[in-house]
Amino acid sequence: MRTAVVVGAGIGGLAVAGALARSGWQVTVLERGDRVRGDQTALILWPNGVKALDALGLAGGLAAIATPLPDSGVRRPDGQWLVQPRPGATRVPVIVHREDLHDTLVAGLGDRVEIRTGVTVRSTRVSPDDRPAVSDGRTTYEADVVVAADGIDSAVRQRLAPGSTVVSSGCAAWRAVIPWYRVPPLNDGRPVVGETLGAGYRFVAAQLGQRGSAGSSTRGGIYWVATAAGAPRPESPETQLVLLRRWFARWHAPIGDLLAATEPDDLVQQEVRELRPLPREYGFPAGPGGFVLLGDAAHAMPHHLGQGACLALEDAATLQSLLREAVPGRQVSEAVAAYSRLRRPRAATVVRQTRRMSAVLQARGRLALRARDAALGTISPA
Ligand SMILES: Cc1cc2nc3c(=O)[nH]c(=O)nc-3n(C[C@H](O)[C@H](O)[C@H](O)COP(=O)(O)OP(=O)(O)OC[C@H]3O[C@@H](n4cnc5c(N)ncnc54)[C@H](O)[C@@H]3O)c2cc1C
């Protein structure tokens, strides 16, 4: 029986664990948390992420929880268009509640996956002669393939690619889902969706499902994410909410109404961080198998293009297709090397585009803002 250990039960880890199990691998997932669950916010999946879920055989599960997002353009805080929306665009992203996506991924695991919670991987054994292994200090977990899906602070990556470090992206983000029963009448009944860019600030809002639900889920509501240049705030969620309401006070409707309807418990604050430089390799042959880096462990980037989870799903679909028929020995080693050759350039391209967006977001001063607005006005919405 071919065996894999997946470190981390986030979106990337769950997606790849199910994918390998459905290809006949016996999989053990090691998760440091005491439960496997998503946070209480939402996620935008762009067409590449949707296509990856389809390739993973999870299109049906996604259809039950996803809400399509019409193209909404980009506005300035005063409501003027920077990029006009394209009505009727066909390849639109979808939005899902993170807990719903986690539930869908867990439902796709099947009985070939064993999940061990409360296990924090602390060390990694890499040797040309032995099967790859990780350990929490008490138990050593050995397999033909070890997938490091343990997020931006990945312990496995720190051992395999120590030259890649985690740095601040110079901004902080706040997210919330306002549940339907607390959403006030907004936007004259039209869907709430849109992106607004100010000097050092950005606000994105999207409607999660129809009033009362999101597909078969009851976790519908309005999702918003606010980004501000600078460090995260040390104050209580109550004070953070006061600050957010102040920063966005003069922004066009319904941003003020959304912040007014948000409660401190809805708020999830996060420092935005990224990997610099990216690891040079994403695959490390070892013994008859090897290690691979996947998701944020491989390519954590700022959230500005909403691509982190989409790329993690692409990683999982790629690894599944490379390992589907491979047997331990030369075939698995080659698959691990091929994964790196395919995924590293793809991630580097998306990271480059994301960094351009970071520069746009951080533009300050009248001249820089004028140049930004002019540039944004000419870009293709695609
Ligand atoms: C504000 C914000 C908005 C975003 N919006 C979007 C969006 O709209 N669309 C999109 O595609 N992406 C978005 N992203 C990015 C997305 O959230 C991440 O890229 C994605 O969640 C990464 O998934 P992952 O499974 O690789 O890592 P994680 O979700 O970080 O999961 C890692 C898992 O590993 C576990 N773990 C960590 N260390 C260990 C260890 N040593 N031993 C055992 N377990 C361990 C953790 O507990 C966790 O469960 C956003 C990010 C932010 C910050």
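In this predicted model, the count of disulfides is 0. Cys171 takes part in none, and the nearest cysteine sulfur, that of Cys310, is 18 Å away. A disulfide is a covalent bond between the sulfur atoms of two cysteines. Seen from Cys310, the closest cysteine sulfur is the one in Cys171, and 18 Å is too far for a bond. Cys171 is buried, with a relative accessible area of 1%. Cys310 is likewise buried, at 0% relative accessibility.

**Aromatic pairs**

The aromatic pairs come to 6. A pair of aromatic rings is described by the distance of the centres and the angle of the planes. Two of the pairs are set out below.

| Pair | Centre to centre | Angle between planes | Geometry |
|---|---|---|---|
| Phe203 and Trp224 | 5.4 Å | 20 degrees | stacked |
| Phe248 and Trp251 | 4.7 Å | 75 degrees | edge-to-face |

Phe203 belongs to strand S15 (residues 201-208) and Trp224 to strand S16 (residues 221-229), so their pair ties together parts that are 21 residues apart in sequence. Phe203 and Trp224 are both buried. The residues of the other tabulated pair, Phe248 and Trp251, are both buried as well. Ring pairs join Trp174, Tyr201, Phe203, Trp224, Trp247, Phe248 and Trp251 into a cluster.

A ring also meets a charged side chain: Arg75 lies over the face of Trp81, 5.0 Å from the ring centre.

**Gln240**

Trp174, a member of the ring cluster, is also in contact with Gln240. Gln240 is located in helix H6 (residues 237-247). Is Gln240 buried or exposed? With a relative accessible area of 6%, Gln240 falls under the 20% limit and is therefore buried. Apart from neighbours within four places in sequence, the contacts of Gln240 are Trp174, Arg233, Glu235, Leu267 and Gln269.

H4 lies across S3 and S7, and runs at about 85 degrees to S7.

S3 and S7 belong to an open sheet of 3 strands in the order S3-S7-S4, with antiparallel pairing. S3 and strand S4 (67-68) stand at the edges with a single partner strand each, so one side of each has no neighbour in the sheet. The antiparallel pairing of S3 with S7 extends over 4 bridges. Ile44 stands opposite Ile95 in S7.

**The sheet S9-S10-S11**

An open sheet of 3 strands has the order S9-S10-S11, and its pairing is antiparallel. The edges are taken by strand S9 (123-125) and strand S11 (140-142), each of which has a single partner strand, so one side of each is left without a neighbour in the sheet. From one strand to the next, the twist averages 20 degrees. S9 and strand S10 (residues 133-135) run antiparallel and are joined by 3 bridges. Which residue of S10 is the bridge partner of Arg125? The partner of Arg125 is Ala133.

Key: Residues numbered from 1 in each chain as written. Predicted model: local features only at pLDDT ≥ 70, side-chain atom pairs only at ≥ 80, totals over all residues. Heavy atoms only, no water. Pairing = 2+ DSSP bridges. Helix = DSSP H or I, 4+ residues; strand = E, 2+ residues; numbered from the N terminus. Axes fitted to C-alpha atoms, helices over the stretch in contact; angles between N-to-C directions. Buried < 20%, exposed > 50% of the residue type's maximum accessible area, 1.4 Å probe, protein only. Contact = heavy atoms within 4.5 Å. Phe/Tyr/Trp six-rings, centres within 6.5 Å; stacked < 30°, edge-to-face > 60°. Lys NZ or Arg CZ within 6 Å of the ring centre and 35° of its normal. Disulfide = S-S within 2.5 Å.
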